[in-house]
Amino acid sequence: MKKEYGYYLINLDRAKERLKLMTKEFEKNNIEFNRIPAIDYKEININSYSIKNLYDRDLVPGEIGCYLSHLKTLKIFLNSSEEFAIILEDDAILEQNFDEVIYKTINSYNELDNSNKWDILKLKNGKRRNIKIKNIDDKYFIGACGTSIPITTIGAIWTRSAAKKFLNKVGYNTPIIRRPIDCELQHPWEYDLLIYNLLPSVIKTAEFETQIQIDKSLRKSNFIKQISYEVKRIIPKYSYLIKRHGLKKFYISFIAKKTEKVL
């Protein structure tokens, strides 16, 4: 199979140290990448988007910039001839055999049943239980993590179909932002997206100060809103997993907890 995928790095122009790190990470894997200048929240055009907040607190400017940067990257991807995009944020430490694992994973895509052909494959996972979908090799496998999709957007593989569906839903020209993008992707049923994880994680997070918002008080959820936010998600997220995998597998993995947690 020829390489039908490309690497996209989201990086702020002012984040020079992060770019140095990522250049080294790509070089150690002999990876060529496309640097996408991130949209700086300090320079956002407020007329380029709208807010319809469904989150449990106000969105901070850095989250808006991050969201718009991912949309920008998806548009650039769709203007390419590639079938898959590996989209990375600029604080990712890559496994030594990262590209080899990515190649195997994409190469196995057409071996999946249609019901398991993922739209987005996340590359970093918190320690969660999962439903195993397919082995990639002796170490790595594709799994459905639960009971909520891992929150980070540090690294993921997107299909062209996923990029189109997501952009069509949020709005191509003037997007409507409802939540931070990592939280948005925890609601795949709203976008008709199938989101799985490559396990164990092939990415670790580098130790950089956050660029989203240094003042943690501005990112603190309102307790009542947080409870309401999570309660509204319970039935849809459980239904999403049960519909995809059946009640038995859901019960074994996430209720009886008979599967091991995987990083």
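Mentor: Buried means under 20% relative accessible area. The model discussed here is predicted.

Trainee: Is Asp 40 buried or exposed, and what is its relative accessible area?

Mentor: Asp 40 forms a salt bridge with Arg 14, and the pair links distant parts of the chain. Arg 14 counts as partly exposed, at 40% relative accessibility. Asp 40, in contrast, falls under the 20% limit and is therefore buried, with a relative accessible area of 10%.

Trainee: Where do Asp 40 and Arg 14 lie, and how many residues apart are they?

Mentor: Asp 40 is in the loop between strand 2 (34–37) and strand 3 (50–51). Arg 14 belongs to the loop between strand 1 (5–11) and helix 1 (16–28). The closest N and O atoms of the pair are 2.7 Å apart, while in the chain the separation is 26 residues.

Trainee: Which residue forms a salt bridge with Arg 18?

Mentor: Arg 18 counts as buried, at 8% relative accessibility. Its closest N and O atoms in the salt bridge are 2.8 Å apart. The bridge joins helix 1 to the loop between strand 4 (84–89) and strand 5 (92–94), so parts that are 72 residues apart in sequence are tied together. The partner, itself buried with a relative accessible area of 4%, is Asp 90.

Trainee: Which residue is linked with Arg 18 and Asp 90 in a network of salt bridges?

Mentor: Arg 18 and Asp 90 form a salt bridge with each other. The network that contains them also includes Asp 91.

Trainee: Why are the buried residues of helix 4 on the same side, and what arc do they cover?

Mentor: The buried residues of helix 4 (residues 160–170) are Arg 160, Ala 162, Ala 163, Phe 166, Leu 167 and Val 170. They lie on the same side of helix 4 because they cover an arc around the axis of only 160°.

Trainee: Which residue follows helix 4, with a positive phi?

Mentor: Elements covering the buried residues of helix 4 include helix 2 (61–78) and strand 9 (155–159). The phi of the residue after helix 4 is near 110°. That residue is Gly 171.

Trainee: Which helix contributes the largest share of the nonpolar patch?

Mentor: The patch lies on the surface, with about 880 Å² of accessible area together, and Phe 223, Tyr 238 and Leu 247 are among its residues. Leu 247 is found in helix 7 (residues 247–255) and counts as exposed, at 57% relative accessibility. Eight residues, the largest share, come from helix 6.

Conventions: Residues numbered from 1 in each chain as written. Predicted model: local features only at pLDDT ≥ 70, side-chain atom pairs only at ≥ 80, totals over all residues. Heavy atoms only, no water. Patch = residues over 30% accessible without salt bridge, like charges linked within 9 Å, V, L, I, M, F, W, Y side chains within 5 Å. Areas by Shrake-Rupley, 256 points an atom, 1.4 Å probe, with all protein chains shown as cover. Salt bridge = Lys/Arg side-chain N within 4 Å of Asp/Glu carboxyl O. Helix = DSSP H or I, 4+ residues; strand = E, 2+ residues; numbered from the N terminus. Buried < 20%, exposed > 50% of the residue type's maximum accessible area, 1.4 Å probe, protein only. Arc of directions from axis to C-beta. Contact = heavy atoms within 4.5 Å.
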